[in-house]
Number of protein chains: 2
Amino acid sequence: MEDKIIEVVKANENFYLAIKNSDFDQMEGLWVRDESVKCVHPGWPMLHGWEAVSQSWKNIFENSGPLDIELRDVESQISGNSGWVICIEKISYKIEDEIHSGYAQSTNIFKLDGAKWLLALHHASPVPAPRGDVSSNEVLQ
Amino acid sequence: MEDKIIEVVKANENFYLAIKNSDFDQMEGLWVRDESVKCVHPGWPMLHGWEAVSQSWKNIFENSGPLDIELRDVESQISGNSGWVICIEKISYKIEDEIHSGYAQSTNIFKLDGAKWLLALHHASPVPAPRGDVSSNEVLQ
C-alpha cells in the first residue's frame with residue numbers, strides 16, 4: 001500500500017511536470033488513452049475520451065505561454081488498483097513583466113496498468129487563493 | 001461488473017435525492033464518514049474529513065430553500081472495489097416566483113464497503129449551461 005501511494009503521487013507529479021514543460025509526448029504517456037477518460041480544465045465543461053482530451057492539451061500547449069505550477073495540500077488514497085490524488089494547483093504565468101497566479105482544486109484519478117499508474121480522470125476547478133497566501137498578482141523581480 | 005455499475009449509479013442517485021430532500025440523516029448514511037473523505041461544493045475550497053463535510057451539508061440544508069437537481073450525462077466506471085460517477089447537475093431553485101438554474105460538473109468517487117457503495121469524494125464545479133439548453137432563468141408557470 002505504501003509503495004502504491006508513493007507511485008501514484010509520483011505519477012501525479014509527472015502530470016504537472018508535463019504541463020509545466022508543455023510536453024505533449026510526456027502528457028500522452030500518462031493517460032489511459034481510451035474512450036473512458038475524462039478531463040475538466042478549470043471552468044470548462046468535461047471532455048470525454050482521449051481524442052477530445054489529447055486535443056485540449058495540444059491546444060493549451062500551443063496557445064499558452066510558459067506556466068509554473070506549484071502543488072499544495074497533496075493527499076492520496078489507494079483502493080486496490082485505482083487511486084486518487086487531490087491537490088491545490090497554484091498556476092503562475094507571466095504577462096509582460098508581471099507574474100499572475102490563480103488557484104485550482106484538482107481531483108486526479110489513476111488506474112494501475114501493469115506497473116504504471118495512468119490518469120483516468122482529471123477534474124480541476126478554480127478556487128479562491130488560500131488564506132494567508134501572497135497576492136495573486138506579484139511583480140517579477 | 002454490470003451489477004456494480006448499477007449499484008454505484010443507484011448510490012449516486014441516492015446522494016442527489018438526499019440533497020433534493022435536504023435530508024441530513026439520509027446524507028450521513030451515504031458517506032465513508034472518516035477523516036479521508038473530501039468534498040468540493042461549487043466554488044468552495046475542498047473540505048477534508050467527515051466533520052467538515054457533514055457540517056457543510058447541515059449548513060446547506062438549513063440555509064437553502066428547496067432545490068431541484070436534475071442529472072445529465074451520467075457515466076460511471078468501476079475499478080475493483082472503487083468506482084466513480086461523473087454527471088452534470090442542473091440545480092434549480094425558486095426565488096419568489098422565478099426558477100433559477102445553474103449547472104455543475106461533478107466527479108463522485110465511491111468505495112464498496114461490504115455490500116454498500118459509500119461516497120469517498122464529491123467534487124462539483126460550476127460549468128456553463130450546456131449548448132441548446134433552455135435559459136437558466138425560467139419563469140415558473
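Q: Which exposed residues does the face of α1(B) turned away from its buried side carry?
A: This is a predicted model. In it, helix α1 of chain B covers residues 2–20. On the face turned away from the buried side, the exposed residues are Glu2(B), Asp3(B), Ile6(B) and Lys10(B).

Q: Why do the buried residues of α1(B) line one face of the helix?
A: The buried residues are Val8(B), Ala11(B), Asn12(B), Phe15(B), Ala18(B) and Ile19(B). An α-helix has 3.6 residues a turn, so residues three or four places apart point the same way. Seen down the axis of α1(B), the buried residues line one face because they fall within an arc of 120°.

Q: Which elements of chain B do the buried residues of α1(B) pack against?
A: Phe15(B) is one of the buried residues of α1(B). The partners of these buried residues are a helix, α2 (24–28), and the strands β3 (67–79), β4 (82–95), β5 (98–113) and β6 (116–127) of chain B.

Q: What rotation superposes chain B on chain A?
A: Two copies of a chain are related by a rotation about an axis and a shift along it. Here the shift is 0.0 Å and the RMSD 0.0 Å, with a rotation of 180°. That is the relation of a two-fold axis.

Q: How many residues of the side of chain B that touches chain A are charged?
A: Chain B gives 21 residues to the contact, and chain A gives 21 residues. On the side of chain B, β1 (38–40), β3, β4, β5 and β6 give two or more residues each. The residues of that side divide into nine nonpolar, ten polar and, as charged residues, two.

Definitions and conventions. Residues are numbered from 1 along each chain as its sequence is written. Chains are lettered from A and ligands numbered from 1 in the order in which they are written. This is a predicted model: local features need pLDDT of at least 70, side-chain atom pairs count only at pLDDT 80 or more; totals for chains, interfaces and linings use all residues. Helices (H or I, at least four residues) and strands (E, at least two) are DSSP runs, numbered from the N terminus. The expected span of a helix is 1.5 Å times one less than its number of residues. A residue is buried if 20 or more other C-beta atoms lie within 10 Å of its own, exposed if 12 or fewer, and partly exposed in between; C-beta atoms are placed from the backbone. The arc is that of the directions from the helix axis to the C-beta atoms. Two residues are in contact if their C-beta atoms, placed from the backbone, lie within 7 Å. Copies are superposed by least squares on the C-alpha atoms of residues with pLDDT of at least 70 in both. Ala, Val, Leu, Ile, Met, Phe, Trp, Tyr, Cys and Pro count as nonpolar, Asp, Glu, Lys and Arg as charged, and the others, Gly among them, as polar.
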